[in-house]
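Colleague: I have the sequence and the structure open, and I'd like to go through them with you. Could you take it slowly?

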Amino acid sequence: MKMLINVPERVVADALRGLAAAHPDLLTVDVERRIVVRRDAPVAGKVALLSGGGSGHEPLHAGFVGPGMLDAACPGEVFTSPVPDQMVRAAAAVDSGEGVLFVVKNYTGDVLNFTMAAELAEDEGVQVSTVVLRDDVAVSEDGESAGRRGTGGTLFVEKIAGAAAEEGAPLVRVASVARRVAESTRSFGVALSACSTPARGAPTFDLPPGELELGIGIHGEPGRERRPMMTSGEIADAAVAAVVEDLRPDSPVLLLVNGMGATPLLELYGFAAEVHRVLAERRVAVARTLVGNYVTSLDMAGCSVTLCQADEELLRLWDAPVRTAALRRGR
Amino acid sequence: MERDRAQDGGAPAGAPRGAAGLDADFVVRWLTAAAAAVDREADRLTELDAAIGDADHGANMRRGFRAVTGTLAEDPPATPGAVLALAGRTLVSTVGGASGPLYGTLLRRTGGELGTEAPRVSSAEFAAALAAGVAAVGALGGSAPGDKTMLDALVPAAEALPESFDAARRAAVAGALATVPLRARRGRASLLGDRSIGHQDPGAASAALLVTALAETAAEAAGSPDD
């Protein structure tokens, strides 16, 4: 597998150097310690949002650091959670005294490292609250596994809770908004190809040309079910069915049609049209739509559908200004 | 050190000579041997992880244990408890993933049970401390033996350790192999459901390496005079 890299060991550091070079107005990047911080942090009187996770999901999370969204991101090695030292240092850098919200995706490694980091940060006098994303409906919540994964829904939590923090809401309020979004959000992903990690240089699982994988996560792991290749419309039918039948929305939704990294936007917009068709057939009103590569899995081809049932307040916070490397509107 | 073992009521059979005196040097040699084993077996651990996880366990463990040996070579603490606590903190800071907090907690809690003051601990004290460390891993991960995790090697090893270091080694190796037919209930492998069956758990495999290194270090200590 050909890759645009120097050596596998430096992939994350090289990307952070590029992020720093591209966005000096927005970000302060500590390449060695692997911490990306909002340029003007700490922002006086504002609750800070901190997230992180394995690399390979770009622009998540560092691409969402900036006014109206995250204050700090801690990237780990590819598909490996960051270590507590990163989160403790980042929390100290962004805490204005109003506290820090940790946004964590439900993977064993992320949860354990963020839990340890929260304890250590609190020992240093930083007030920490945590929200854990578990939006992926492909995984059963029967207690027989690590439980549902955090995937595309992370973007909704980081944007909406980030807007609440930007408005000056206190930590308990920002955390409750974040939890409300997390509980109102569901996702489902589909892979047309596996992804290749830089260290391995080859696909993480074997997916024959004529087949696709339904119910995948964002780490190149196999999914729930393998089927013969389907059309965009058939994939939309399956993905929307999985999400809607779990979420059962009774008010308008925010829709994220997300690319996994190697699917062209031409295909993704065609897929977005099919998703809108299926939602209309199911009488689900769409309040806002975002289409693009936001929560990716390296060079995996495929897509995910995320729906967030949004009330008036969540919709207003979704529409609020944001200025980050990957998502900008309103100023 | 030179006490007759018959007079040392707490010393298990097969324990190293001078069982009443596991010191900081013993723990450093154990962790150095463990690092060498992890280094040697890193590719195998990664291959096991590729089957049911995300193919990085060997690389992550190697990074962490290299950091441990580096830190211990630089400034080795004077007591076994302090060595274990420092090694645990180093693993937490360098490994990432689930393995970092879990192995870090294992060593930190074991070291914490020994305390930072005692320059020597008995084998019985060491076995009790390790059992507490293993229990802390179970509490942190919310898991139990049978879930197809490192606990499937660590729990039987801790139970056998009061008998002898070699019994612990045998129990750990057998426990790791016994994860093959299990269905994972914790960690990323659990997301595969039945597809996790038929593969050895990489965490149990690395745990068996650590316990094997411990038994080998103890055997060397027993074999070397005046240790």
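Colleague: Where is the place of Thr149(B) in chain B?

Modeller: Thr149(B) sits in the loop between helix 5 (123–141) and helix 6 of chain B, where helices (H or I, at least four residues) and strands (E, at least two) are DSSP runs, numbered from the N terminus. Before we go on, this is a predicted model, in which local features need pLDDT of at least 70 and side-chain atom pairs count only at pLDDT 80 or more, while totals for chains, interfaces and linings use all residues. Residues are numbered from 1 along each chain as its sequence is written, chains are lettered from A and ligands numbered from 1 in the order in which they are written, and side-chain values use heavy atoms, with hydrogens and water left out.

Colleague: Is Thr149(B) buried or exposed?

Modeller: Thr149(B) is buried, with a relative accessible area of 11%; buried means under 20% relative accessible area, exposed over 50%, and partly exposed in between (1.4 Å probe, protein chains only).

Colleague: And which residues is Thr149(B) in contact with, leaving aside its neighbours within four places in sequence?

Modeller: With those neighbours left out, Thr149(B) touches Ser143(B), Thr179(B), Arg186(B), Asp201(B) and Ala204(B), where contact means heavy atoms within 4.5 Å.

Colleague: How do helix 6 and helix 8 of chain B cross?

Modeller: The axes of helix 6 (residues 151–160) of chain B and helix 8 (residues 202–223) of chain B come within 7 Å and cross at roughly 30 degrees. The axes are lines fitted to C-alpha atoms, for helices over the stretch in contact, and angles run from 0 to 180 degrees between N-to-C directions. That angle makes helix 6 of chain B roughly parallel to helix 8 of chain B, since angles under 35 degrees count as roughly parallel, over 145 as roughly antiparallel, 65 to 115 as roughly perpendicular and the rest as oblique.

Colleague: Which residues meet there, between helix 6 and helix 8 of chain B?

Modeller: From helix 6 of chain B, Ala153(B), Leu154(B) and Ala157(B) meet Ala204(B), Ala207(B), Ala208(B) and Val211(B) of helix 8 of chain B. The residues of this contact divide into seven nonpolar, no polar and no charged, with Ala, Val, Leu, Ile, Met, Phe, Trp, Tyr, Cys and Pro counted as nonpolar, Asp, Glu, Lys and Arg as charged, and the others, Gly among them, as polar.

Colleague: Let's switch to the two chains: how many residues of chain A are in contact with chain B?

Modeller: On chain A there are 29 residues in contact with 29 residues of chain B. The area buried between chain A and chain B is about 2100 Å², of which carbon and sulfur atoms give 54%; buried area is the accessible area (1.4 Å probe) that two parts lose on being put together, summed over both. Leu112(A), Met116(A) and Glu144(A) supply 26% of the area that chain A buries against chain B, more than any other three residues.

Colleague: How many salt bridges does the rule find across the interface of chain A and chain B?

Modeller: The rule finds three across that interface, a salt bridge being a side-chain nitrogen of Lys or Arg within 4 Å of a carboxyl oxygen of Asp or Glu. A salt bridge also joins the side chains of Glu144(A) and Arg185(B), at 2.7 Å from N to O.

Colleague: And over all chains, what does the count come to?

Modeller: Over all chains the count comes to 36 salt bridges. Asp246(A) forms a salt bridge with Arg148(A), the closest N and O atoms being 2.7 Å apart. Asp246(A) lies in helix 6 (residues 232–247) of chain A and Arg148(A) in the loop between strand 6 (128–133) and helix 4 (153–166) of chain A, so the pair ties together parts that are 98 residues apart in sequence. Asp246(A) is partly exposed at 30% relative accessibility, whereas Arg148(A) is buried at 12%.

Colleague: One last topic, the backbone: which residues does a cis peptide bond join, with omega about -5 degrees?

Modeller: That bond joins Ala41(A) and Pro42(A), and Pro42(A) is in the loop between strand 2 (35–38) and strand 3 (48–55) of chain A. Another cis peptide bond, with omega about -10 degrees, joins Leu60(A) and His61(A).
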